[in-house]
Amino acid sequence: MRADPDQLLKAIGTEKEEGHRGQLKIFFGYAAGVGKTYAMLEAAHGALEAGNDVVVGYVEPHTRPQTMALLDGLPVLPVKKTVYKGITLSGFDLDGVIARKPEIAVVDELAHTNAAGSRHTKRYQDVEELLKAGINVYTTVNVQHLESLGDRVAAITGVVVRERIPDRIFDNADQVELVDIEPAELITRLGEGKIYREKQASQAVKHFFSGANLTALREIALRRCADRVNRISENVRIQSNSTYYTDEHILVCLSSSPTNPKIIRTAARMAQAFRARFSALYVATPEAEDLDEEDARRLKNNTHLAEQLGAAIETVTGDDIALQIAEFARLSGVSKIVVGRSNARHKRFGLKANLTEQLITDAPELDVYIIPDEKTNQRVNIKRTLRQAPRIIVSDVVKSFLILIAATTIGFLFYHLHFSEANIITVYILSVLITAIVTTRRSYSLVSSLISVLIFNFCFTDPKWTFNAYDSGYPVTFAIMFIAAFITSSLAVRIKQHAKQSALVAYRTKVLLDTNQFIQKASGRTAIIAVTAGQIIKLLDQAVVFYPVAGGQLETPQVFPKTNQKPDLAWTCDNERAVAAWVCKNNKRAGATTGTLGESRGLYHAVRVNQVVYGVVGVMMCGEDLEAFQNSILLSILGECALALENDKVSREREQAAIMAKNEQLRANLLRAISHDLRTPLTAISGNASILMANSGDLSETQKLRLETDIHDDALWLINLVENLLAVTRIEDGTMNLTLTPELMDDVVETALTHLRRDNPEKKILYQPSPEMLVAKMDAHLIVQVIINLVDNGIKYTPPQSAITVRVYPRKKGTARKPLTDVVVEVADQGPGIADAVKPRIFDMFYTGENKIADNRRSLGLGLALCKSIVTAHNGTIAVYDNKPVGTIFRFSLPAKEVSIDEG
Amino acid sequence: MKANAICIMIVEDDPAVRNLMTTTMETQHYRFCSARTGEEALAKAVSQKPDIILLDLGLPDIDGIAIIKKIRSWSGAPIIVISARSEDQDKIEALDAGADDYLTKPFSVDELLARLRATVRRIGESRKAKDQDQAVFVNGDLKIDYAAGTVYLRGKELHVTPIEYKLLVLFSHNPGKVLTHTFITKEVWGSNWEGDVASLRVYMATLRKKIEKDPASPQVIQTHVGVGYRMMQSNTST
């Protein structure tokens, strides 16, 4: 049998992580006073003597004296004093320990809840951060603090423990040392006041420390340790590739019921026992929207509990709970489902089958486990109905009454017209139907139905204006009228709810689909971020702050306020930024509504693919939690965004590599061309000079002058080459680093012509300056170089006696409202012209007229290519045209700059 | 003032270029001394009190700009910067630090000599100017009457706008010296915005149309593209 590849990957993942993760050692006890802290400090002493760097991060200051004595000789970090609402609280200094970075940190009471204002709500989160920072941790915990055992311990001792740690912390600990003493001895210790100081040992404490309780707790603790050992050996078996197989998937349903935690815990324990996948499903029914605050809070706690116990949280929307569960179970391959007994018993009006029966019908292949929980549930149901009753919306009541009044008016009208009673009854049924449509709750139509019957009785049946009826058939009429009205209204309400739900589902699907499409379309990091933020704002209607992350560091945040909202500086203040930085570093969510750094304004999520964080998104919450379905969509959006950012990064890297390769190629080509082009004139210069030095006596003045002229010419040519090379070196990453200043184009052309005339005194270069003053922003030296290259090109390829004309003129473009002008510079020669076939390639690098490099001295086909790069970098255009009657025109244009002169 | 009364200091670390320059000085009968490093240059500037300094910006020990600033702290001797760096920014920095003129390598010997001659003449002018506190500035055909605030070209009064007048006065106070855009805009507008540089270009072009015989080949005000402007001194000036 082969191991499941996923399992293997997971195992590899954890092993890798352990490379830099600290190790966690838990001293585990079954009650206070068994000597956990004592054992922990002893172990710390041992480690210290073995030469390890041990630091005591935190030990409860009210620990027993014998234990406190053990602190002697151990380096203790000072506790952190925080002032919260005027009270000074001392607590564990997380940052202090991380900064100190010892090998082993000793932190007491893993299940402790931190003071408000701390970074994490719970100490175990602090410890996780220490481990992540590579620091080994010694800590203590009692059995009643384990999440999955909380209810069992409570059942035994009658004490509900609020401070709990997720089981995974315990199960993933590298070492667990069980600190165990006989219950009898523990009771003796308590009597001696070793556990609590005499005064504190109240009746309640004594009750807790009864022999029976302690024995039971001890048993649970021992069993839990044994379970953990089992699990480890199981893991070892998986890794050693021995037979291992489980296809179990356990599902538990989330509800706002106070008994729900018990069911969740049972399901979690089963999932562990079966080594099954564990999912928790919440079916959002239409009624769920009316949840009051307490129920909503309980639902959130239950969801959180399931998450802590390792469940994957799923939400589906639907009216028929059983059908939704069955559907989900079928799609996700659920094999077992855990439900409470109240669901199995409770029948509504005896009309509908109960949830369990429905489940059995809808998903016959499913194992259904029923957990006892009913006692409390029914009480709550009554309470809930009572509580919900007073919630009346005024506008709905007014609407209902108006409709009834209208119906009664029409009824009187019909009565006077002597229509039959059936017509009046129909009018009332219609009125109830309308009430059902326009009001928000079923109760209005119910009451409406009842009142309709009463009014009908009161106003239209004999004797009138009484609630009596003479005709013996009336009671039947009333009953039928009531039932008809009620059924009609129920149906209408249900249709309305269905419509609402499908709208919600459609909305969710649409948001996700839109996000996907927009992100696909968005190119570039900024666009992706903007799209993501836009979608989140659309979804949550809250402002969003996005911190892009590069190289593990936060970059400048981008703020996306809601429409018609002004960005608030507080969104990106240092505190908020620190939370974002924490999220980026720890790759976990934090901020408002979470247990970590909950004081902050925003809720921060990492945008990540696996372990790589591409950004941190902050949603500026306004007090309320995200709904489960919002949360799941948010996560999907962020997932999409992260993938897009990853793609973008990869493609950018690829592009950069391509550009670099291209530049490299360019430089290589250039070097090859240069070395050839330098060699020729240098040979001539050195050769001529050596002739002059060796034979100066034998040479005639004319000969000497010729040699000297050659040297001079070649040197000049080299100078020109170097100017071009300098320009080429400024081509970096495909663009140029330009220093742009406004220049008068005529000045620039004149400067270029001064150079050209000096170097080519015999050539006729004509110049037609611009009729008006034209200023353009440019790097003057580069543009001078462009003109020199263009004119040089003309000189090179045209007969000596023909003239070259340089013209500067403006070209108007743009609209009348927004006129734009281009500065055009034209270099026209009367040479042989350029063949049309060659024109498209003339601006290519290393392209020369003859298209061959060898032995053509002036072959460095750099000039025109350089001109093109320079002009393009100036947002200008360059092109080649035919001159009439013969020759070539090179024309380049730069956008002109408007200059305002404010002088009279 | 005679040419040989002038002492020129050549600061250049490259032997070949130094050789070229000293040979040129010898052939033209200038008095000169040379320095290889910045330290040596500063020492000789104190001991020899040169009238003109030819300074290479790329010295092995001290940055050229720093040398200019040091010399400027106690001496007003014209400094002509010689630079192999073609970036305009370097020249502008040197000019703003107090240099008078610049030459870019590779330069021709003729060009070097022309600059030297212009500088020598300017020294003479400014010494004369010191003797008599001038109320009038004359440069070739151009005459500025500071007291009356009027400009004359070939004897005729020239109509100039207030800004053009300010520009002319600024140039007349620094004849022969290359004035950078930054310097000019700061002096005339009191600010140094990009828009000012653009306006400066247009003002200079119109001003030149008024005072140059042939604006296409200016004789009075020379444009140094990317750097600034310089008022040249007419040879006929006395």
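Two strands count as paired if DSSP finds at least two bridges between them, with strands (E, at least two residues) and helices (H or I, at least four) taken as DSSP runs numbered from the N terminus. On that basis, five strands of chain A make up an open sheet in the order β2-β5-β6-β1-β7, with parallel pairing. The edges go to β2 (54–58) and β7 (175–178) of chain A; each has a single partner strand, so one side of each is left without a neighbour in the sheet. Direction ignored, neighbouring strands here are turned by 25 degrees against each other on average, where axes are lines fitted to C-alpha atoms (for helices, over the stretch in contact) and angles run from 0 to 180 degrees between N-to-C directions.

This is a predicted model, in which local features need pLDDT of at least 70 and side-chain atom pairs count only at pLDDT 80 or more, while totals for chains, interfaces and linings use all residues. Residues are numbered from 1 along each chain as its sequence is written, and chains are lettered from A and ligands numbered from 1 in the order in which they are written.

Helix α2 (residues 36–49) of chain A lies across β1 (24–29), β2, β5, β6 (136–142) and β7, at about 165 degrees to β6(A). Helix α5 (residues 123–132) of chain A lies across β1, β5 and β6, running at about 160 degrees to β6(A).

Further along chain A sits strand β8 (residues 249–254). Five of its six residues are buried, so β8(A) is largely enclosed by the rest of the structure; buried means 20 or more other C-beta atoms within 10 Å of the residue's own, with C-beta atoms placed from the backbone. The chain leaves β8(A) through helix α11 (residues 260–274) and reaches β9(A) by a right-handed β-α-β crossover, meaning that, with the strands pointing away from the viewer, the path from the first strand over the helix to the second runs clockwise. Six bridges link β8(A) with β9 (residues 277–284) of chain A in parallel, and A:H249 stands opposite A:R277. Three bridges also tie β8(A) to the parallel strand β11 (residues 336–340) of chain A, where A:L251 is partnered by A:I337.

Terms used: Buried ≥ 20, exposed ≤ 12 C-beta atoms within 10 Å, placed from the backbone. Contact = placed C-beta atoms within 7 Å.
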